[in-house]
Amino acid sequence: MSEYCEIILAEAKKWIGRETKLVWGRYPVEREPIRRWCHMVKCNNPLYLDDGYAKKTKWGGIICPPLMIPIFGHLRYGPSSSGPETDWPPLKEGEEEESANILPPTAGKSAINLGGPIEFLKVVRLGDRIGHKEKLVDVYTKPIRFDPEAFWIATETIYVNQHMDTIANVQNSLIKHRSPEEIKATTPEQLAQIKP
């Protein structure tokens, strides 16, 4: 491994275990967004759309499609254009919402998101609130076709409901890599700039 990438990787590894704070989605789980999403993706499951059918099931009513959990859990920022603000839980006076950056330093700026497995643990019902937090699980280098020292980043996103029950867990892999020009441009002068 080049000394340049070795120094950056050593700093990146110090970030392993870093977590964001818990951030709540702006809106509760609602029927209308579920209906629209189901129609958009051509999902006709009556458990998500039909009150009469859903009430007769073991769930006793309409539930949220599992793939919508990240939508309700991340929909947060920007002003509401559809009605009054419904921030939940409300921020205390003088408190600002912030989210820590868990992505560590890397040698390259270009990224490839590989995705990863999603585990759904609890049913989400109409009216539930969803929050999420992210955690850096691992970072290492591994060659790819156009960068012999690409940085691989593993993260985990945990989704919870208003009772703080974990409802879903998403693992993700991201590759940060350098362009051929960036690889060629790595010079002793650049290396000197990153040394402590």
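V23 counts as buried because its relative accessibility is 3%, which lies under the 20% cut-off. This valine belongs to strand 1, a run that covers residues 23-24. Although V23 and H74 are separated by 51 residues in sequence, their C-alpha atoms are 8.1 Å apart in space.

## Confidence of the predicted model

The structure described here is a predicted model, and the mean pLDDT of the protein is 86, with 82% of its residues reaching 70 or more. Over residues 78-84, however, the pLDDT is below 50, and this stretch has 6 contacts in the model beyond near neighbours in sequence. Where pLDDT is low, the predicted coordinates should not be read in detail.

## Strand 5 and its two partners

Strand 5, which spans residues 147-161, is mostly covered, since 14 of its 15 residues are buried. It pairs with strand 4 (residues 130-144) in the antiparallel sense, and 13 bridges join the two; within this pairing, V139 has I153 of strand 5 as its bridge partner. Strand 4 and strand 5 form a hairpin, with 2 residues lying between them.

Strand 5 also pairs with strand 6 (residues 166-177), again running antiparallel, over 10 bridges, and here the bridge partner of F151 is K176 in strand 6. Strand 5 and strand 6 likewise form a hairpin, in this case with 4 residues between them, and M164 in the turn has a positive phi of about 70°.

Key:
Residues numbered from 1 in each chain as written. Predicted model: local features only at pLDDT ≥ 70, side-chain atom pairs only at ≥ 80, totals over all residues. Heavy atoms only, no water. pLDDT = per-residue confidence, 0-100. Contact = heavy atoms within 4.5 Å. Buried < 20%, exposed > 50% of the residue type's maximum accessible area, 1.4 Å probe, protein only. Pairing = 2+ DSSP bridges.
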